[in-house]
Amino acid sequence: MEPLDEIVLTGLTVFGRHGVYDHERADGQEFTIDLRLRLSLREAAASDDVADTVHYGELAERVAAVVAGEPVDLIETLAARIADVALADLRVRSAQVTVHKPHAPIPLSFQDVAVTITRGRPE
């Protein structure tokens, strides 16, 4: 098997309305997404053509649409939906998604709450 390379997108911040509480749905908040894709970049490196890789700008737009789109209760669900978007490109072997919810409704001082999932396709 060919070694896998990575495309990493960090800090994509998008306003969404996810959460289990009514006020989270009504008021919304910012979510920050980190995404790590594993795939071969050999063809793209050889051709120097964006068509031979995952266009990270277009991917960021698709991920932002998920975050800004239909609300879900759990950031675990949101992370899985984002992973599905990344894996829609058959060149991607696996996707690691972290969803940060720094304004989660926790009545204590904290910096961040995050969920990280990794999804891949069978070998």
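**Salt bridges in a predicted model**

R25 is partly exposed, with a relative accessible area of 30%, where partly exposed stands between buried, under 20% relative accessible area, and exposed, over 50% (1.4 Å probe, protein chains only). This is a predicted model, in which local features need pLDDT of at least 70 and side-chain atom pairs count only at pLDDT 80 or more, while totals for chains, interfaces and linings use all residues. Residues are numbered from 1 along each chain as its sequence is written, and side-chain values use heavy atoms, with hydrogens and water left out.

The structure holds six salt bridges, a salt bridge being a side-chain nitrogen of Lys or Arg within 4 Å of a carboxyl oxygen of Asp or Glu. One of them joins R25 to D73, with the closest N and O atoms 2.5 Å apart. Because R25 lies in helix α1 (residues 22-27) and D73 in the loop between α3 (56-68) and α4 (75-87), this pair ties together parts that are 48 residues apart in sequence; helices (H or I, at least four residues) and strands (E, at least two) are DSSP runs, numbered from the N terminus. D73 is itself partly exposed, at 43% relative accessible area.

Another salt bridge is formed by the side chains of E6 and R38, at 3.1 Å from N to O. E6 belongs to strand β1 (residues 5-16) and R38 to strand β2 (residues 29-39), so the pair ties together parts that are 32 residues apart in sequence. E6 is partly exposed at 34%, and R38 is partly exposed at 32% relative accessibility. A network of salt bridges links E6, R36 and R38.
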